Amino acid sequence: MAKTLDKDLKKLGRLEAATADLGRSLAFPGVALLFLLAVALFALRIAGVGDLGIYVVFGTVVAGYMALNIGANDVANNMAPAVGSKALSLTAALIIAAVCETAGACWPGARWSTPSPRESSPRHRSWTPRA
C-alpha cells in the first residue's frame with residue numbers, strides 16, 4: 001500500500017512540475033498579448049471608429065509588435081554578456097533595460113514636433129537643413 005501511495009505522490013509531483021513549467025512558458029506570450037491589446041485600445045481611443053480608424057489600429061498593433069521584437073533584440077545584444085558573465089543578475093539587467101529603453105523612446109521623441117500645414121506644403125518648403 002505504501003509503494004502505491006509513493007508512486008501516486010511522485011506522479012502528482014511530476015504533474016505539478018509540468019504545470020508550473022507550462023505556466024512559465026506561457027507567461028511571456030501572455031504579457032506580450034496584453035501589451036498589444038493595450039496598444040490596440042489606445043489607438044482605438046485616439047483614432048476613433050471612423051472610416052480609416054481600423055487601419056490606424058492595425059498599423060499601431062503592427063508597430064507595437066515590431067517594437068517588442070526590436071526591444072527584445074536590443075536588450076539581448078547588450079545584456080547577454082553581462083548576465084552570462086554573472087556581472088548582473090537577470091532581474092537587474094531587465095530593470096536596467098526597461099528604464100533605458102523607455103528613456104530612449106521618450107526623450108528623443110519629445111524633441112520632434114508635427115509640422116504645420118504651411119511647412120508641409122510643397123510651395124513653402126525650403127531645402128536648407130535646420131539645426
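Visitor: Let's start with one residue. Is K86 buried or exposed?

Guide: Look at its relative accessible area: under 20% is buried, over 50% is exposed, and partly exposed lies in between (1.4 Å probe, protein chains only). K86 has 71% relative accessibility, so it counts as exposed. Bear in mind that this is a predicted model, where local features need pLDDT of at least 70, side-chain atom pairs count only at pLDDT 80 or more, and totals for chains, interfaces and linings use all residues. Residues are numbered from 1 along each chain as its sequence is written, and side-chain values use heavy atoms, with hydrogens and water left out.

Visitor: Where is K86 found?

Guide: K86 sits in the loop between α2 and α3, the latter covering residues 90-106. Its phi is positive, about 65 degrees, although K86 is not a glycine.

Visitor: How many helices and strands does the protein chain have?

Guide: Helices (H or I, at least four residues) and strands (E, at least two) are DSSP runs, numbered from the N terminus. Here the protein chain has four helices and zero strands, and its elements run α-α-α-α from the N terminus on.

Visitor: What about A82: buried or exposed?

Guide: A82 is buried, because its relative accessible area is 19%. You can find A82 in helix α2, which spans residues 53-84. Setting aside neighbours within four places in sequence, A82 is in contact (heavy atoms within 4.5 Å) with A87 and L88. A82 and A93 are 11 residues apart in sequence, and their C-alpha atoms are 7.9 Å apart in space. Across the protein chain, buried residues make up 11% of the 131 residues. Of the contacts with a separation of 6 or more, 30% are between residues 24 or more positions apart.

Visitor: Which residues make the nonpolar patch?

Guide: L34, L37, L41, L44 and V49 do, together giving about 530 Å² of accessible area (Shrake-Rupley method, 1.4 Å probe) on the surface. L37 is in helix α1, and its 48% relative accessibility is why L37 counts as partly exposed.

Technical notes: Patch = residues over 30% accessible without salt bridge, like charges linked within 9 Å, V, L, I, M, F, W, Y side chains within 5 Å. Salt bridge = Lys/Arg side-chain N within 4 Å of Asp/Glu carboxyl O.
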